[in-house]
Amino acid sequence: MDAELTQILDGIGPRLRALRRDRGLTLEALAQDTGISPSTLSRLESGIRRPTLDLLIPLARAHRVALDQLVAAPATGDPRVHLRPHRKDRGSVLVPLTQYPGRVQVFKQVLAPREPKLVTHAGYEWLYVLAGELRLILGGSDVTLRPGEIAEFDTGEPHWFGPARDSAVEILHLFGPHGDQAVVRTGPET
């Protein structure tokens with residue numbers, strides 16, 4: 001094997017271990033999620049066993065990351081992110097900030113005034129107001145959020161959000177698979 005391939009393969013184990021630990025999983029819990037034995041997972045993480053696609057695909061699914069995130073570190077080079085805004089109807093703009101399928105998706109949105117229309121769908125959402133005032137209708141509740149305020153909710157509940165006034169509102173919008181919830185860390189772990 002050439003040196004570059006060896007370096008790539010040697011980096012997979014530490015990345016797998018870091019992902020598992022970041023999620024707070026034991027080898028046994030990850031084994032249940034993937035169908036891969038704890039001993040095989042341990043050998044992969046320590047570099048004793050070389051990874052194969054049969055092992056990496058279930059691990060990528062369990063960690064909700066793209067396969068290329070397990071295989072190689074991000075390419076170095078120009079660190080600038082070139083965002084591509086999508087213009088929506090009636091003056092709204094959506095800017096995707098992440099592009100990882102199956103994981104929490106992050107968007108910056110500018111929402112123009114529009115009529116409320118309640119919707120439901122599978123997932124979980126977090127809204128953070130950057131500028132303006134956001135009106136959130138969630139089930140029977142109708143609240144106004146101001147800059148710096150956050151809301152989170154299961155999208156199975158009928159909901160709608162948009163500007164609270166006649167001017168646009170700017171938000172960070174996070175949408176995750178059903179069951180994902182925010183983890184709030186207020187201080188060092190004990």
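Guide: One cut-off is needed before we start: buried means under 20% relative accessible area, exposed means over 50%, and partly exposed covers what lies in between. The model is predicted.

Visitor: Is Arg50 buried, partly exposed or exposed?

Guide: The relative accessible area of Arg50 is 35%. Buried needs under 20% and exposed needs over 50%. Arg50 is therefore partly exposed.

Visitor: With which side chain does Arg50 form a salt bridge, and which parts of the chain does the pair tie together?

Guide: The N to O distance in this salt bridge is 2.9 Å. Arg50 sits in the loop between α3 (38-46) and α4 (53-63), while its partner belongs to helix α1 (residues 3-22), so the pair ties together parts that are 40 residues apart in sequence.

Visitor: How many salt bridges does a search of the whole structure find?

Guide: Side chains of opposite charge can pair when their charged atoms come close. One of the pairs is Glu133 with Arg165, whose closest N and O atoms are 2.9 Å apart. Glu133 is in the loop between β4 (124-131) and β5 (134-138), and Arg165 is in the loop between β8 (159-163) and β9 (169-176), 32 residues apart. For the whole structure the search gives 7.

Visitor: Are α1 and α3 parallel, antiparallel, perpendicular or oblique to each other?

Guide: Their axes come within 6 Å and cross at roughly 120 degrees. An angle of 65 to 115 degrees would count as roughly perpendicular, and one over 145 as roughly antiparallel. That makes α1, relative to α3, oblique.

Visitor: Which residues of α3 make the contact with α1?

Guide: On the α1 side the contact is made by Gly13, Pro14, Leu16, Arg17 and Arg20. By class, the contact has 3 nonpolar, 2 polar and 3 charged residues. The α3 side consists of Leu44, Glu45 and Ser46.

Visitor: How do α2 and α3 lie to each other, and which residues of α3 meet α2?

Guide: The axes of α2 and α3 come within 9 Å and cross at roughly 110 degrees; the two helices are therefore roughly perpendicular. By class, their contact has 5 nonpolar, 2 polar and 2 charged residues. From α2 come Leu27, Glu28, Leu30, Ala31 and Thr34, and from α3 come Pro38, Leu41, Ser42 and Glu45.

Visitor: What covers the buried residues of α4?

Guide: The buried residues in α4 are Leu55, Leu56, Pro58, Leu59, Ala60, Ala62 and His63. The helix is followed by Arg64, with a positive phi near 55 degrees. The cover includes α1, α2 (27-34), α3 and α5 (67-71).

Visitor: Which strands stand at the edges of the open sheet?

Guide: The 6 strands run in the order β1-β2-β3-β9-β4-β7, with antiparallel pairing. Inside the sheet, 4 bridges join β2 (residues 93-96) to β3 (residues 105-111), and Pro96 stands opposite Phe107. Each edge strand has a single partner, so one side of each is left without a neighbour in the sheet. The edge strands are β1 (86-87) and β7 (150-154).

Technical notes: Residues numbered from 1 in each chain as written. Predicted model: local features only at pLDDT ≥ 70, side-chain atom pairs only at ≥ 80, totals over all residues. Heavy atoms only, no water. Pairing = 2+ DSSP bridges. Salt bridge = Lys/Arg side-chain N within 4 Å of Asp/Glu carboxyl O. Buried < 20%, exposed > 50% of the residue type's maximum accessible area, 1.4 Å probe, protein only. Contact = heavy atoms within 4.5 Å. Axes fitted to C-alpha atoms, helices over the stretch in contact; angles between N-to-C directions. Parallel < 35°, antiparallel > 145°, perpendicular 65-115°, else oblique. Nonpolar A, V, L, I, M, F, W, Y, C, P; charged D, E, K, R; others polar.
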